[in-house]
Amino acid sequence: MVKQVHRPREDAEFDFLLGMSQAPVLAYFIGTWPKAIEPCRTMDLVVGGIADQYTGRLMVVRTDITRCPAATQRYGITSAPSWVLLRKGEAVAHGSGLMTSAAMRELLDAHL
């Protein structure tokens with residue numbers, strides 16, 4: 001099974017992905033500044049595994065905060081890594097910081 005993580009290059013592409021998804025969307029926000037790189041890389045592994053496990057039930061969108069500032073502001077993202085679970089564009093859950101795969105699956109299972 002192919003891992004399906006979308007990586008929008010700008011806000012318009014982020015909005016397009018949200019608009020085309022029939023499934024809930026896990027929007028995962030990363031930062032590229034020095035203090036954010038390592039935690040974001042760690043969460044990349046967790047989110048990549050989630051994308052594999054929830055293929056067909058969840059769209060995963062890895063969003064660079066600096067490339068998608070409007071999306072970042074819209075969902076109140078103030079740190080990286082952060083994530084928002086969206087259903088029809090509306091946030092149903094959100095959080096920030098490192099999270100284990102088991103904790104992320106538990107949260108998703110409660111909302112899917």
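Because the model is predicted, local features need pLDDT of at least 70 and side-chain atom pairs count only at pLDDT 80 or more, while totals for chains, interfaces and linings use all residues. Residues are numbered from 1 along each chain as its sequence is written, and side-chain values use heavy atoms, with hydrogens and water left out.

Buried here means under 20% relative accessible area, exposed over 50%, and partly exposed in between, with a 1.4 Å probe and protein chains only. Helices (H or I, at least four residues) and strands (E, at least two) are DSSP runs, numbered from the N terminus. In soluble globular proteins, nonpolar side chains tend to be buried together.

M104, L107 and L108 are buried; they lie on the same side of α4 because they cover an arc of only 95° around the axis, the arc being that of the directions from the helix axis to the C-beta atoms. E106 and A110, on the other side of α4, are exposed. The packing partners of the buried residues are β2 (25-30), α2 (34-53), β4 (82-87) and β5 (90-96). Leaving out residues up to four places away in sequence, L108 touches I50, Y54, L58 and L85, where contact means heavy atoms within 4.5 Å.

Helix α3 (residues 69-74) holds A71, which counts as buried because its relative accessibility is 0%. Beyond its neighbours within four places in sequence, A71 is in contact with D11, F14 and F29. A71 and F14 are 57 residues apart along the chain, yet their C-alpha atoms are separated by 7.5 Å.

The side chain of D64 does make a polar contact with the side chain of T66 (2.7 Å). Such a contact is a pair of N or O atoms within 3.5 Å; within protein, one must be able to donate a hydrogen and the other to accept it, and residues adjacent in sequence count only if both atoms are side-chain atoms.

Across the whole structure there are five salt bridges, each a side-chain nitrogen of Lys or Arg within 4 Å of a carboxyl oxygen of Asp or Glu. Among them, R41 and E38 meet at 3.1 Å, N to O; these residues are about one helical turn apart because they are three residues apart in helix α2. D44 pairs with R62 at 2.9 Å, so helix α2 and strand β3 are tied together by residues 18 apart in sequence. In this pair R62 is buried, at 19%, whereas D44 is partly exposed, at 23%. D109 and R57 form another salt bridge, at 3.8 Å, linking helix α4 with the loop between α2 and β3, 52 residues apart.
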